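Trainee: Please take a close look at the backbone in the loops of this model, and tell me what else should be kept in mind when reading that part.

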Amino acid sequence: MSLLPYSFARPFLFNMDPEAAHELTLNNLERIQHTPLMCLASQPRVSDPVTLAGLPFPNRVGLAAGLDKNAR
C-alpha cells in the first residue's frame, strides 16, 4: 500500500517544475527513511530471476532516467 495514491500525487507533481518535484520527492523519502512510515511507502520485493550473458541475477535491474541525479 502506498502512502500517497499515485492518482492523487501525479497531477500535483507534474504541475511543478521538474527539478522542484524531484527534490521534493527525494527529500520526503529521505525524511521518512528509518521510520515506521517507510513501510507505507515501500513496495514488496518481487522475485524475478533472470540470466544475462551467463550471469544469474536474483531480480531484473532498471534505473529510471534522473534517478541517480546528484548521486542521491
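Mentor: A search of the whole structure finds zero aromatic pairs, so ring-to-ring contacts by the cut-off of centres within 6.5 Å can be set aside here.

Now the loops. The model is predicted, and confidence comes before the angles. The protein chain has a mean pLDDT of 79, with 78% of its residues at 70 or more. Helix 2 (residues 18-32) has the highest confidence, at a mean of 88, and helix 3 (residues 38-41) the lowest, at 74. The loop between helix 2 and helix 3 holds H34.

Most residues other than glycine have a negative phi. H34 is not a glycine, yet its phi is positive, at about 65°. The side of the chain it faces is also clear: H34 is exposed, with a relative accessible area of 73%, because exposed here means over 50%.

A second case lies further along. A53 is not a glycine either, and its phi is positive, at about 55°. A53 is placed in the loop between strand 1 (50-52) and strand 2 (55-57). With a relative accessible area of 78%, A53 is exposed.

H34 has a positive phi, as does A53.

Definitions and conventions
Residues numbered from 1 in each chain as written. Predicted model: local features only at pLDDT ≥ 70, side-chain atom pairs only at ≥ 80, totals over all residues. Heavy atoms only, no water. Phe/Tyr/Trp six-rings, centres within 6.5 Å; stacked < 30°, edge-to-face > 60°. pLDDT = per-residue confidence, 0-100. Helix = DSSP H or I, 4+ residues; strand = E, 2+ residues; numbered from the N terminus. Buried < 20%, exposed > 50% of the residue type's maximum accessible area, 1.4 Å probe, protein only.
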